[in-house]
Amino acid sequence: NEQKLKLLFYPPHTEIRKYLDLFSVSDKSHVEIVDTNEKTVQEAILESKMMITDYSSVAFDFAFLHKPVLYFHFDYQAYRANHYQQGYFEYKKDGFGPIFETTEAVVEEIKKASKNKFKLSNKYLDRIDRTFDLFDDHNSERLFLVLKKEATKL
């Protein structure tokens, strides 16, 4: 008995948002194109169990919350050739989840993750722990204190 999942499509960029009326979804009970005026990205992150992304830095927010990330690199060669060169973050070495290049593989991984109740593997938990020093609710306070200290130097 397969679990019924709902996929949220959160438009990643303002440029794509202009074309949302061109998107069509045949089964709206399982796929929701999110209206960004009604739901923030933070709300979508909190209510979601898993993130599927290509290269978005929002994966860091998901990882910080210890939620699984799945990378869909269907265009990796073109992405590196035409957009961004390799930087400090290497998806295969540093990424917070597995990388797939085909739709079929992504669908199979979603099924597998669902059956596993979206539990992170130790491999990705270790990467998350290496990436983030602190897991608490004092990030804003720390940022404020650093900015306050820097402001006194002006």
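Analyst: Contact here means heavy atoms within 4.5 Å. This is a predicted model, in which local features need pLDDT of at least 70 and side-chain atom pairs count only at pLDDT 80 or more, while totals for chains, interfaces and linings use all residues. Residues are numbered from 1 along each chain as its sequence is written, and side-chain values use heavy atoms, with hydrogens and water left out.

Leaving aside residues up to four places away in sequence, Phe96 touches Ala59, Phe60, Ala63, Val69, Tyr71, Phe89, Leu120, Tyr124, Arg127, Ile128, Thr131 and Phe132.

A nonpolar core is a set of buried Ala, Val, Leu, Ile, Met, Phe, Trp, Tyr and Cys residues joined through side-chain atoms within 4.5 Å; buried means under 20% relative accessible area, exposed over 50%, and partly exposed in between (1.4 Å probe, protein chains only). The largest such core has 15 residues, and Val69, Tyr71, Phe96 and Ile128 have the most contacts inside it. At least two residues of this core come from each of α3 (58-64), β4 (69-72) and α7 (122-131); α3 gives the most, with three. Helices (H or I, at least four residues) and strands (E, at least two) are DSSP runs, numbered from the N terminus. A second, separate core of eight residues includes Leu70, Phe72, Ala113 and Phe118.

β4 also belongs to an open sheet of three strands, ordered β3-β4-β5 with parallel pairing; two strands pair if DSSP finds at least two bridges between them. The edge strands, β3 (51-53) and β5 (99-100), each pair on one side only. Three bridges join β3 and β4, and Thr53 stands opposite Tyr71 in β4.
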